[in-house]
Amino acid sequence: MDKRDFYSLLKAVPKAEIHLHQEAVPERKIINKLYKKCSGREMTEVELNNLFSYSDLEGFLQSFMSVQRMFTEEKDLRFIIDALDSYVHANNIVYAETFFAPTSLLKKGFDFTYSINILTAGFKKIKEKRGCTIKTIVDVSRSFGVENAQHNLDLVLHEKNPEIIGIGLGGSETFGPARDFASVFDNAKKAGLHTVVHAGETEDSWSMKDAINLLHAERIGHGTSAAYDEDFIKELAQRQLPLEVCPTSNIFTKKYVKELKDHPVKQLFDKGVFITINTDDPSFFKVSLIDEYWNIYKLMGFSLENIRTIIKNGFRASFISQEEKDAYCAKVDEAWNAWFESHPKA
Ligand code: ADE
Ligand code: ZN
């Protein structure tokens, strides 16, 4: 199928995205607006290019935090809401589980309740306008130590906001090993929160095993390094524990794969691992969800039927009820079949 038809098909089919960082959705020109608001001038072309250049995960995380620093008051969070509104519309995303990392905002005095209320009120408006449900997973962060992560969890537990469905562990996998955060994730689990962990992004499969066995991770963010551990691939396939694969992100952070065509996600999929496809940080990696599906179709050998399965996997791996999963998957099939009926030559 050519690119035009592929994008038309993918636009027609409702999708879920379950690994998406809220702060990384505003486009570069919006980030420049935010910069102007906080510093009184726009970034030069060179400064913008520098901000969005990184040679590894650590460099990317510095840029991510530079953008977070541009949010100077809670009301700036509206930039995230507006950006998500356009993003879900452009990609026909009808359900999203999105990360919000409060640490650096809290450190400069943001109020957690006020921030979360602004975000969730904004997401409610998106739901009314577009029919897209956006849930929040609080990234308690592995970059600022265990006490900080527990503090973030305490805020979530105190909030009791049903729009916050779980906690995640993002940040530097190398400098903040998952096992250090076992107690925090234990507490989250006991409180009935869902738990997801970035792992296998820059560290080998031991890191994913720790995330699963010690942190009760229900899904793994990235999971690239699983591809180099055959026994673990078998275990993942047997347990059907979903991976939130973000191919373009992995190319930018350059640890295990240098080019999209060499990404091991198809091997994992063929061996029965539960694969979902996501963008991670769309404005940082210049990629949308539909682009990412095109990448795996065009460059990695996924068939159209594989693509349909992976789209449904996005819903199946989410934290909604089985009835909702079934209803969304039925809508995927309906839209898929309708598109082919109206494009008989495709
Ligand atoms: N925060 C935002 N994107 C991230 C990534 N890819 N890995 C770890 N932490 C992140
Ligand atoms: Zn991520």
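Student: How far is the sulfur of Cys329 from the closest cysteine sulfur, and in which residue does that sulfur lie?

Tutor: This is a predicted model, and the answer should be read accordingly. The cysteine sulfur closest to that of Cys329 belongs to Cys132, at 16 Å. A disulfide requires two cysteine sulfur atoms within 2.5 Å, so the sulfur of Cys329 is too far away for a bond. The count of disulfides comes to 0. As for accessibility, Cys329 is buried, at 9% relative accessibility, whereas Cys38 is partly exposed, with a relative accessible area of 34%.

The sheet may be described next. It is open and consists of 8 strands with parallel pairing, in the order E1-E2-E3-E4-E5-E6-E7-E8. Strand E1 (15-21) and strand E8 (275-277) form its edges, each pairing on one side only. Ignoring direction, neighbouring strands are turned against each other by 25° on average. At one end of the order, strand E7 (residues 243-245) pairs with E8 in the parallel sense over 3 bridges, and Val245 stands opposite Ile277 in E8.

Helix H7 packs on this sheet, where it touches strand E2 (93-100), strand E3 (133-139) and strand E4 (164-169). The direction of H7 makes about 155° with that of E3. Within H7 (residues 112-130) lies Thr120, a buried residue with a relative accessible area of 13%. Leaving aside residues up to four places away in sequence, Thr120 touches Asn161 and Glu163.

Note on methods: Residues numbered from 1 in each chain as written. Chains lettered and ligands numbered in written order. Predicted model: local features only at pLDDT ≥ 70, side-chain atom pairs only at ≥ 80, totals over all residues. Heavy atoms only, no water. Buried < 20%, exposed > 50% of the residue type's maximum accessible area, 1.4 Å probe, protein only. Helix = DSSP H or I, 4+ residues; strand = E, 2+ residues; numbered from the N terminus. Contact = heavy atoms within 4.5 Å. Pairing = 2+ DSSP bridges. Axes fitted to C-alpha atoms, helices over the stretch in contact; angles between N-to-C directions.
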